[in-house]
Amino acid sequence: MGDAASKVFVAPGKYDEFYDIVSGGFNGQISVVGLPSGRVLRIVPVFSAQPENGYGFSEETKPMLNTSHGYVPWDDLHHIALSQTKGEHDGRWAFANGNNTPRIARIDLTTFETAEILEIPNCGGNHSSPFITENSEYIVASSRFSVPVGDDKATDVPINTYKENFKGTVSFISVGEDGNMKIAFQLVTPGVNFDLSRAGKGPSHGWFFFSCYNTEQAYSLLEVNASQKDKDFIMAVNWKKAEQYIKEGKGKTVKSRYAHNKMHHDTHMAVSTMMEEVLQLDPIALKDIIYFIPCPKSPHGCDVDPSGEYIVGSGKLAALIPVFSFTKIMKAIADKDFEGDFSGIPVIRYETALHGVVEKPGLGPLHTEFDGKGNAYTSMFVSSEIVKWDLKTLQVLDRAPTYYSVGHLSIPGGPTAKPHGKYLVAYNKITKDRYLPTGPELCQSAQLYDISGDKMQLILDFPTIGEPHYAEAIPASMIKDKQVKFFKLEENKHPYVTKGEADSKVVREGNKVHVYMTSIRSHFSPDNIEGVKMGDEVYFHVTNLEQDWDVPHGFAIKGANNAEILIMPGSTQTLKWIPDHVGVTPFYCTDFCSALHQEMQGYIRVSPTNSTVPISFSLGMPSKK
Ligand code: RUQ
Ligand code: CUA
């Protein structure tokens, strides 16, 4: 174990080698972890409001969580995709999916802030998402739960009409040069459950592969009813063909309401825009977009190797791992070597598409990652182990136990054409006795393996934040020097910005009171405010005047029904406060910013509704004698 300790030890003052961007599952956040140390560097709120910094509570960030259902301050965040250029990491953005109220988020890797959230319409549960193509042309969002789609008449149908009325959707979301996300088109498919996916790469660039289960089309007791068939499907999508149909005008514009939320870096404000329509393609009528390939049995992971030739389907209930060959799939399509069709979609013959199978890998294969040296690593949920095997010979090379019941695996760069290799992290679903017990709920757990040699070596256990699903790690050198250290005050275009103390003021507009406030070590301006009345809504627009790294100020006021705000240097954040009683209420800075942080405070006086106390504000007034 002495050996293991030296492998994970990052000396005080030294940096980790990788940033690991880890999903938080049902906490709706991502965490940023250093590898190999396992140290948590940051929690980034994405789909969940976070009182710690006011995300989802400040007036500026509330629109980020707007949806067609209104404000939805929580989601179940499963998978991470890092942006790519030519099949390799480029360090620009991380994408993450919201599973429950279908959404995709883009996180800017220069600020580690959520920059954009796009809702996905006509989708019941966005699990197979946000996988990315090799030049970040598209990320995908596909439905876990098929549902009836369309207008009220099309959707108000009995649940037992699943076969006729329920549809899956696969959305291709284009990513602009500036990262802007847009639903380019949506494929409407037969009703099944899409689980996971990967884009093709290299020779298979232009294709996307999705695992599908519940091809039984069950709508009740899926545990039994969706486990009937011997084989479900991998769905192969030719998205270049879909693009061609779009160009030819074969798409159909359909009314659909969904929110598109963007954080604007000049104003430090998010704007939510309600979108009205989406372009759909019918892959049954329009041939050659999708094909099904039989895959044993309720496949979960669907992973493409770095060369782009092999597609690994991991059937949760299968006793083997099938590996498909892209070359053979193309040949089968050219030869029309189909065994039939499923709801009008051609089904390729299993044997024709198969490269081979990994025999007796273990029980409950879920996910596969690659090291770029010709090896694949598959997680085995039921037998709690990682199995390393050779992509060409399909021979099992090594096994390592996990503690316990491993879900996702992550090798730095594992889903790219050039994995960075070296480490593998197992994200385990069950923790039991690995840490000091903490009542009925135990933290989830990650385990770090050294994979540089022939044998995998477990070198570290560490707890995670939330329930980790997928994670993707990137060399620190690709992003550490691009970090924004503070926002330039002169570039701040917030409508309520206050660029110097001399400009701080309090303005009444009807029953709205706008406080143009500044913060700098160690006071607010103004720090005495009078003339606010019961029935008013007070907006504290706090601009942090600091122009220095790592000096946020916080702002909190007694009785606020929301949270604090944490204002980064050079930016403006707004806390809305509705006074609920007459009297004098203190506010203060929450983030220990200087030796006189405890002095960073102020008072606001609230008078009765009919009061004639005029608005006044000040800083540094001497005490009355
Ligand atoms: S899925 S294990 Cu979203 Cu495997 Cu998490
Ligand atoms: Cu500002 Cu503490």
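Predicted model: local features only at pLDDT ≥ 70, side-chain atom pairs only at ≥ 80, totals over all residues.
**Strands β13 and β14**

I started with strand β13 (residues 166–175), which pairs with β14 in the antiparallel sense over 9 bridges. Strands here are DSSP runs of E of at least two residues, numbered from the N terminus, and two of them pair if DSSP finds at least two bridges between them. Residues are numbered from 1 along each chain as its sequence is written, and side-chain values use heavy atoms, with hydrogens and water left out.

I found S174 opposite K182 in β14. The β13–β14 hairpin has 5 residues between the strands, and G179 takes a positive phi near 95 degrees there.

Next I checked β14 (residues 181–190) for burial: 8 of its 10 residues are buried, so the rest of the structure largely encloses it. Buried means under 20% relative accessible area (1.4 Å probe, protein chains only). I also saw β14 pair with β19 (residues 269–281), this time in the parallel sense over 2 bridges. L187 stands opposite L281 in β19.

**Open sheet**

I looked up a sheet of 4 strands, which is open, antiparallel and ordered β3-β2-β1-β35. β3 (40–45) and β35 (471–475) are its edges with a single partner strand each, so one side of each has no neighbour in the sheet. I then followed β2 (residues 29–35), which pairs with β3 over 5 bridges in the antiparallel sense. S31 stands opposite I43 in β3.

Notes
Chains lettered and ligands numbered in written order. Buried < 20%, exposed > 50% of the residue type's maximum accessible area, 1.4 Å probe, protein only.
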